[in-house]
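Here is a brisk report on a two-chain model.

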Amino acid sequence: MPINLRIYLIIFALFLVLLTFSILRKGRIPEKYSLIWFFIAFIILLVGIVPNFVDLISELLGFEVMANMITAIILLLMTFVTMSLTIIVSGQKKKITLLIQEVSLLKKELEEKK
Amino acid sequence: MNNSKILIIIPAYNEQDNILNTCNTIIKYNKKNKTNYDFIVINDGSSDNTGKICHENNIPVVDLIHNLGIGGAVQTGYKYAYYNNYDIAVQFDGDGQHDVNCIKNIIEPIIKGQADMVIGSRFISNNNTFKSTFARRIGIRIISKIMKLITNRKIYDTTSGFRAINSLIIKDFAMSYPLEYPEPITTSELLRKNYIVKEVPVEMNERKAGVSSIKTWKNVYYMLNVILSLIVVRIRRYKRCQ
């Protein structure tokens, strides 16, 4: 793997870690949601630092080119991330619906008492 | 059970041209027939004057603080019925499609204890005058066929929004109600839970004003979603009543 490509990967991984930390510091996501991003950054960093090791793994797993394995892993991860986001959003929709209904009913009750 | 507390739930989204008329027909009906139907309008975050008209005319209304869609609006009505201990809740469209004179027919089997839910059906009367688009009739028939496969019961008017339920189901609906495509889904769910569902013939009018919420180009998407939801009803586990 050419050295400049490795440098790009390392820089990107570090950038991802910094980005996640800054989001965490501002309290915009709970810690548990940041784990996945640290994990992804770690994989990218690993590829940048020890490409030979990753090459070995991809060969063992039957990938012809290491890049294919990386793409496959990221794609798989993203699928699960999106799915869990769908679950989170749906749960939230349910809760918001409940809130709107109960608040509206309460307002009606208040009006009646006036 | 002759003095059952009966609530008519009228979901309304941008129905300023129809809502007053609909409510007045119920008030007139109550006076004429000495019935005691309570009713409540669920104003689903309308952007027009639906809410204002209700308040000015002293029509009981719950103003949803944000638009929820038909499922969420109707469920608010069922919650209101549950919190206020109603025995029977009737779902009734705010656009003048449903006939107030048919309410007694759909609540009768419930009062007599012959059914838990009664669906007002356009397709089982002999003098069927309801005109609907060809695509829509085909859609309703397909849903009906799939529901037969899933629940082993033939329901003819699967998408009818003119229904009455008893207090058992009021509680059930107050707890959980699908946000989208509620009619075919809840009917199948109730059948799977072994509730008794009946269909009685009703007359329905053409819409008096406004536009129906189901648009033609959405039909295919609607069908796919309903079919998928019904399959999910089949594979889910339910606590059976009785």
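Of the 114 residues of chain A, 9% count as buried (20 or more other C-beta atoms within 10 Å of a residue's own; exposed is 12 or fewer, partly exposed lies in between, and C-beta atoms are placed from the backbone). This is a predicted model: local features need pLDDT of at least 70, side-chain atom pairs count only at pLDDT 80 or more, and totals for chains, interfaces and linings use all residues. Residues are numbered from 1 along each chain as its sequence is written, while chains are lettered from A and ligands numbered from 1 in the order in which they are written.

**Chain A**

Chain A has four helices and zero strands (DSSP runs numbered from the N terminus: H or I of at least four residues for helices, E of at least two for strands). From the N terminus on, its elements run α-α-α-α. The radius of gyration of chain A, taken over C-alpha atoms, is well over the value from the globule rule (2.2 Å times the number of residues to the power 0.38), so chain A is more spread out than a compact globule.

| Chain A quantity | Value |
|---|---|
| Radius of gyration | 22 Å |
| C-alpha box along the principal axes | roughly 75 × 30 × 15 Å |

Contacts here mean C-beta atoms, placed from the backbone, within 7 Å. Among contacts in chain A between residues at least 6 apart in sequence, 54% join residues at least 24 apart.

**Where the chains meet**

Twelve residues of chain B are in contact with eight residues of chain A. On the chain B side, strand S3 (61-63) and helix H3 (70-83) are the elements that give two or more residues. H3(B) gives the most, with five. By class, this side of chain B has six nonpolar, four polar and two charged residues (Ala, Val, Leu, Ile, Met, Phe, Trp, Tyr, Cys and Pro are nonpolar; Asp, Glu, Lys and Arg are charged; the others, Gly among them, are polar).

**Helix H3 of chain B**

H3(B) has 14 residues and reaches 20 Å from its first C-alpha to its last. That is close to the expected 20 Å (1.5 Å times one less than its number of residues). Eleven of the 14 residues are buried, so H3(B) is largely enclosed by the rest of the structure. Among them are B:Ile70, B:Val74, B:Tyr78 and B:Lys79. B:Asn85 follows H3(B), with a positive phi near 55°.

Conventions:
Contact = placed C-beta atoms within 7 Å.
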